[in-house]
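Welcome! Take a moment to look over the sequence and turn the model around before reading on.

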Amino acid sequence: MEEQITFPDLYLRFDVPYIAFKIGGFGISWQVLITLAGIIIALYLAYKSKENYYIKLKDLLEMMVLTFVVGFVGARLFYCIFRYDTYLEDPIKIMQLEYGYLELMGGMVIGIAVLRALCKSFDLTRKDVFDYFTPFFALIQAFASIAAIS
């Protein structure tokens with residue numbers, strides 16, 4: 001399946017495949033790549049701005065990894081919950097990403113809940129943590145919205 005990108009005033013037309021590339025039997029779509037680019041940029045910017053918030057690098061990396069992993073699971077669960085009729089028949093499909101995608105808002109909600117829970121274990125105030133992470137959540141959401149248009 002191919003998408004067509006056109007610039008009519010410039011008389012340009014590009015045929016872009018939906019799948020950017022394949023790894024083994026799995027196809028990686030442009031939407032996934034654009035969203036992943038947003039996540040990587042947000043993680044990099046979060047790392048670069050940690051000095052302004054007095055967050056230790058070890059704590060920052062642990063929070064990022066836990067939030068990302070649990071957020072990924074939450075995004076998949078949200079997708080499956082809103083399409084429960086498909087997954088009630090064959091629940092094993094929940095773990096097979098080729099039978100559906102992720103719901104970014106679910107990842108954000110679960111990610112925020114994880115960050116809130118981690119505040120206590122890292123002796124950080126919720127205000128400081130959310131002041132720190134909110135712009136990066138917004139950046140990821142912006143990239144995912146751009147990806148959804150493509």
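The report below goes from the whole chain to a few of its residues.

## About the model

This is a predicted model, in which local features need pLDDT of at least 70, side-chain atom pairs count only at pLDDT 80 or more, and totals for chains, interfaces and linings use all residues. Residues are numbered from 1 along each chain as its sequence is written, and side-chain values use heavy atoms, with hydrogens and water left out.

## The whole chain

Let us begin with the overall layout. The chain has five helices and four strands; here helices (H or I, at least four residues) and strands (E, at least two) are DSSP runs, numbered from the N terminus. The C-alpha trace spans about 55 × 50 × 25 Å along its principal axes.

Of the 150 residues in the chain, 26% are buried. Buried means under 20% relative accessible area, exposed means over 50%, and partly exposed is in between (1.4 Å probe, protein chains only). Now for contacts, meaning heavy atoms within 4.5 Å: among those in the chain with a separation of 6 or more, 52% join residues 24 or more positions apart.

## Surface and charge

The accessible surface comes to about 10,400 Å², and carbon and sulfur atoms hold 67% of that surface. Accessible areas come from the Shrake-Rupley method with a 1.4 Å probe, and for residues only the protein chains shown count as cover.

There are 13 positive and 15 negative side chains, with the centres of the two sets 8 Å apart. Lys and Arg count as positive and Asp and Glu as negative, while His and the chain ends are not counted. Each charge is placed at NZ of Lys, CZ of Arg, CG of Asp or CD of Glu.

## Helix α2

Helix α2 covers residues 57–81, which is 25 residues. At 1.5 Å a residue it should span 36 Å, and its end C-alpha atoms are 35 Å apart, which agrees. The expected span is 1.5 Å times one less than the number of residues.

Among the buried residues of α2 are Leu60, Met63, Met64, Ala75 and Tyr79. The buried residues of this helix pack against α1 (30–48), α3 (84–89), α4 (104–121) and α5 (126–149). Leu66 also lies in helix α2, but Leu66 is partly exposed, with a relative accessible area of 39%. Leaving aside neighbours within four places in sequence, Leu66 is in contact with Gly71, Val114 and Leu118.

## Aromatic rings

The structure holds four aromatic pairs. Rings of Phe, Tyr and Trp (its six-membered ring) pair if their centres lie within 6.5 Å; planes under 30 degrees apart count as stacked, over 60 as edge-to-face and the rest as tilted. Phe78 and Phe82 form an edge-to-face pair, at 6.2 Å centre to centre and 65 degrees between the planes. Phe78 is partly exposed at 24% relative accessible area, and Phe82 is exposed at 57%.

Tyr132 and Phe136 are also an edge-to-face pair, at 5.6 Å centre to centre with 65 degrees between the planes. Both lie in helix α5, four residues apart, about one turn of the helix. Are Tyr132 and Phe136 buried or exposed? Both are buried. Together with Phe133, they form one aromatic cluster.

## Across the chain

Ile23 is exposed, with a relative accessible area of 52%. The C-alpha atoms of Ile23 and Asp128 are separated by 40 Å, and the two residues are 105 residues apart along the chain.
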